[in-house]
Amino acid sequence: MEKRISKTELREKIFQIFFASQFNKMDTETLEEFLNENNVLNKDDVNYVNKILDLKYENEEKLEKTIKKYLKENWEYSRIGKIKIAAIELAIIEIENGLPYKIAINEIVKIVKIYEDEKAAKFVNGILASYVRENNLDK
């Protein structure tokens, strides 16, 4: 059996897939190539990637509505950068699938800081904090 990568590394790979899929939905062959090139070879890791990606595709409309709900009045969804959208979507999916919200938000904010800046990380954190509060996940 292939060695597992850390959950943090795996989450970053899923984030990269989410980002790329905003331009072109990944077919199975492209996804397999990406996972192989990025050493995501363990069966459990691959299954997790597929599960999270399926949930993204099945819930794209719901995810967009959720993000729009927490935007400030003067913000348009179309103005949000694709990195931020990918990050927020991934965190919401993982929270809704049992990952504790503090872990999900902390990890995704770290990822956003790698690909964008502190301002983007604060934006993502703010949207996710509102989502957590409104859904009473912080109780």
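Two residues are said to be in contact when they have heavy atoms within 4.5 Å of each other. With residues up to four places away in sequence left out, Ile17 touches Met26, Leu31, Phe34, Leu35, Val49 and Leu53. The structure is a predicted model, in which local features need pLDDT of at least 70 and side-chain atom pairs count only at pLDDT 80 or more, while totals for chains, interfaces and linings use all residues. Residues are numbered from 1 along each chain as its sequence is written, and side-chain values use heavy atoms, with hydrogens and water left out.

The protein chain contains 7 helices and 0 strands; helices (H or I, at least four residues) and strands (E, at least two) are DSSP runs, numbered from the N terminus. Along its principal axes, the C-alpha trace spans about 50 × 35 × 30 Å. The radius of gyration, taken over C-alpha atoms, is compared with a globule rule of 2.2 Å times the number of residues to the power 0.38. For 139 residues, a compact globule would have a value near 14 Å, and the 15 Å of the protein chain agrees with this.

A residue is buried under 20% relative accessible area, exposed over 50%, and partly exposed in between (1.4 Å probe, protein chains only). Of the 139 residues, 42% count as buried. A nonpolar core is a set of buried Ala, Val, Leu, Ile, Met, Phe, Trp, Tyr and Cys residues joined through side-chain atoms within 4.5 Å. The largest such core has 47 residues, and Ile17, Phe18, Val49, Ile88, Ile108, Val124 and Leu128 are those with the most contacts inside it. Two or more residues come from each of helix 1, helix 2 (28-37), helix 3 (43-58), helix 4 (60-69), helix 5 (82-96), helix 6 (101-115) and helix 7 (118-134). Helix 5 gives the most, with 10 residues.

Two single residues can now be considered. Ser21 belongs to helix 1 (residues 7-21). This residue counts as buried because its relative accessible area is 8%. Leaving aside neighbours within four places in sequence, Ser21 is in contact with Lys56 and Tyr57. Lys3, by contrast, is found in the segment before helix 1. With a relative accessible area of 71%, Lys3 is exposed. Lys3 and Glu60 are 57 residues apart in sequence, and their C-alpha atoms are 32 Å apart in space.
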